[in-house]
Amino acid sequence: MKTEKIKEVIENILLELHDDLDYRKEQRLVDDKLFDSFDLVTLVAELGMELGIDVTAQDFVPENFNSLEALTAMAERLMEG
């Protein structure tokens with residue numbers, strides 16, 4: 001799956017969670033507490049369903065969830081492995 005398609009899928013998931021945030025600009029979704037634990041669990045579940053990836057405890061770090069770009073990079077990495 002190409003990067004732009006992955007990013008589109010992730011952005012759609014994010015918009016379902018919080019349509020009031022600008023995910024193209026936001027760089028600190030976790031660090032600034034814009035996402036709570038329920039949001040993260042929902043996001044991980046949706047990523048699994050939509051992209052067929054398994055986010056492990058090792059991947060569950062703020063750096064992977066702080067931005068659309070970070071989420072896309074993580075998803076690409078997990079899809080390759």
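1. How many residues does helix α1 have, and what does helix α1 reach from its first C-alpha to its last? Helix α1 covers residues 3-17, which is 15 residues, and reaches 21 Å between those two atoms, close to the 21 Å expected at 1.5 Å a residue. The expected span is 1.5 Å times one less than the number of residues. Helices here are DSSP runs (H or I, at least four residues), numbered from the N terminus.

2. A note on the source. This is a predicted model, in which local features need pLDDT of at least 70 and side-chain atom pairs count only at pLDDT 80 or more, while totals for chains, interfaces and linings use all residues. Residues are numbered from 1 along each chain as its sequence is written, and side-chain values use heavy atoms, with hydrogens and water left out.

3. The buried residues of α1 are Ile6, Val9, Ile10, Glu11, Ile13, Leu14 and Leu17. Buried means under 20% relative accessible area, exposed means over 50%, and partly exposed lies in between (1.4 Å probe, protein chains only). The cover over these residues of α1 includes α2 and α3. As background, an α-helix has 3.6 residues a turn, so residues three or four places apart point the same way.

4. Helix α3 has 13 residues and reaches 18 Å from its first C-alpha to its last, close to the 18 Å expected at 1.5 Å a residue. In α3, the residues Leu68, Ala70, Leu71, Thr72, Met74, Ala75 and Leu78 are buried. What covers them includes α1 and α2.

5. Next comes the packing of the helices. Two packed helices are described by the angle between their axes and the distance between the axes. Axes are lines fitted to C-alpha atoms, for helices over the stretch in contact, and angles run from 0 to 180 degrees between N-to-C directions. Contact means heavy atoms within 4.5 Å.

6. The axes of α1 and α3 come within 9 Å and cross at roughly 120°. That makes α1 oblique to α3; angles under 35 degrees count as roughly parallel, over 145 as roughly antiparallel, 65 to 115 as roughly perpendicular, and the rest as oblique. The crossing of α1 over α3 is right-handed, a term used if the near helix is turned clockwise from the far one by less than a right angle, with anticlockwise giving left-handed. On the α1 side the contact is made by Thr3, Ile6, Lys7, Ile10, Glu11 and Leu14, and on the α3 side by Leu68, Glu69, Leu71, Thr72, Ala75, Glu76 and Met79. By class, the residues of this contact are seven nonpolar, two polar and four charged. Nonpolar covers Ala, Val, Leu, Ile, Met, Phe, Trp, Tyr, Cys and Pro; charged covers Asp, Glu, Lys and Arg; the others, Gly among them, count as polar.

7. For α2 and α3, the packing angle is about 50° and the axes are 12 Å apart. That makes α2 oblique to α3, and their crossing is right-handed. The contact joins Leu43, Leu47 and Leu51 of α2 to Leu71, Met74, Ala75 and Met79 of α3. This contact has seven nonpolar residues, with no polar and no charged ones.

8. The axes of α1 and α2 come within 10 Å and cross at roughly 145°. The crossing of α1 past α2 is right-handed. From α1 the contact takes Ile6, Val9, Ile10, Ile13, Leu14 and Leu17, and from α2 it takes Asp39, Thr42, Leu43, Glu46, Leu47, Glu50 and Leu51. The classes are nine nonpolar, one polar and three charged.

9. Glu46 is found in helix α2. Leaving aside neighbours within four places in sequence, Glu46 is in contact with Ile13 and Leu51.

10. Ala73 lies in helix α3 and is partly exposed, at 40% relative accessible area. The C-alpha atoms of Ala73 and Thr3 are separated by 8.5 Å, although 70 residues apart along the chain.

11. Two loop residues remain to be noted. Ser67 sits in the loop between α2 (37-51) and α3 (68-80). Ser67 is buried because its relative accessible area is 5%. Beyond its neighbours within four places in sequence, Ser67 is in contact with Glu26, Gln27 and Leu29. Lys33 is in the loop between α1 and α2 and counts as exposed, at 69% relative accessibility. Lys33 has a positive phi of about 60° although it is not a glycine. Most residues other than glycine have a negative phi.
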